[in-house]
Amino acid sequence: MSEDRLGPARAAFGPIAMPVTIVASAAEGRGSWATATVMYVSFRPPQICVALSPGSRTLAMARASGELSVSLLAASQQSLAIRAGRRTPGDVVGIPDAYALPPPDGFHSRGVAGAMETLWCRVENEVPTADHVLVIATVVVQQGGLEDGSDRPLLRLHRRYHALGEALSEPSPEGYPI
Ligand SMILES: Cc1cc2nc3c(=O)[nH]c(=O)nc-3n(C[C@H](O)[C@H](O)[C@H](O)COP(=O)(O)O)c2cc1C
């Protein structure tokens, strides 16, 4: 897609700080990975959605297998975000062994070792948008996510990578559950 056609999206979405994740899927013994963003869309059960390009190989494998993993990257993992965010020509490679977490029971998708957390999810449904496909998925297995402050989440803002800054409040001063 040309830069000019994406101008309105860049202007509107550039100021929105988003978590940087690696979405991974696997089917027929092969894996795929893609840098993407994520948001939560249901509490009971916990569900997330990811917007994937219709031509995404990660989307194709998630469709085929009905599952995917979402690893929320840490600030120290910027190089992985860059790597998984570039489409490699030829065959899909998936998460290389050196960075891979093994799938939990009942799943085939790998996770990213050293991520803030990894969520293994079952695909529930898809909603087409104008140029992406929203994949809504239920979280089945959650791994990591300790609030020990040993690393900080990686964020995307104004086309740059950032590390999350300092906390400004005690947990949930207004009572919101998340
Ligand atoms: C910061 C960042 C965020 C991205 N977010 C998305 C996204 O939300 N959805 C998407 O389809 N691609 C996104 N991409 C692009 C994919 O990661 C990239 O096209 C990848 O090569 C797709 O791989 P696949 O076709 O094997 O699935 C993003 C890339 C970067 C660098």
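Let's start with Met39, which sits in strand S4, a stretch covering residues 39-42. Keep in mind as you look around that this is a predicted model. Is Met39 buried or exposed? Count the other C-beta atoms within 10 Å of its own and you get 11. A residue counts as exposed at 12 or fewer, so Met39 is exposed. Setting aside neighbours within four places in sequence, Met39 is in contact with Ile48 and Cys49. Now find Val50: Met39 and Val50 are eleven residues apart in sequence, and their C-alpha atoms are 7.0 Å apart in space.

For a contrast, move over to strand S6, residues 67-72. This strand is mostly covered, with six of its six residues buried. Which way do those residues point? Glu67, Ser69 and Ser71 point one way from S6, while Leu68, Val70 and Leu72 point the other way. There's a simple rule behind that kind of pattern: in a regular strand, side chains alternate between the two faces of the sheet.

So what does S6 pair with? One partner is strand S2 (residues 21-27), which pairs with S6 in the antiparallel sense over four bridges. Another is strand S9 (residues 117-128), joined to S6 by six bridges, and again the two run antiparallel. Ser69 in S6 is the bridge partner of Ala24, and in S9 the bridge partner of Ser69 is Trp120.

There's a separate bit of sheet to trace too. Three strands form an open sheet in the order S1-S11-S12, with antiparallel pairing. Its edge strands are S1 (18-19) and S12 (160-163), each of which pairs on one side only. Between S1 and S11 (residues 154-157) you'll find two bridges.

Finally, take a look at the ligand. Of the 19 residues around it, Ala36, Ser56, Arg57, Thr58 and Gly85 come nearest. Where does this shell come from? Strand S3 (30-36), strand S5 (47-52), helix H2 (57-65) and helix H3 (78-84) each supply at least two residues. The largest share, four residues, comes from S3.

Key. Residues numbered from 1 in each chain as written. Predicted model: local features only at pLDDT ≥ 70, side-chain atom pairs only at ≥ 80, totals over all residues. Buried ≥ 20, exposed ≤ 12 C-beta atoms within 10 Å, placed from the backbone. Pairing = 2+ DSSP bridges. Near = placed C-beta within 6 Å. Contact = placed C-beta atoms within 7 Å.
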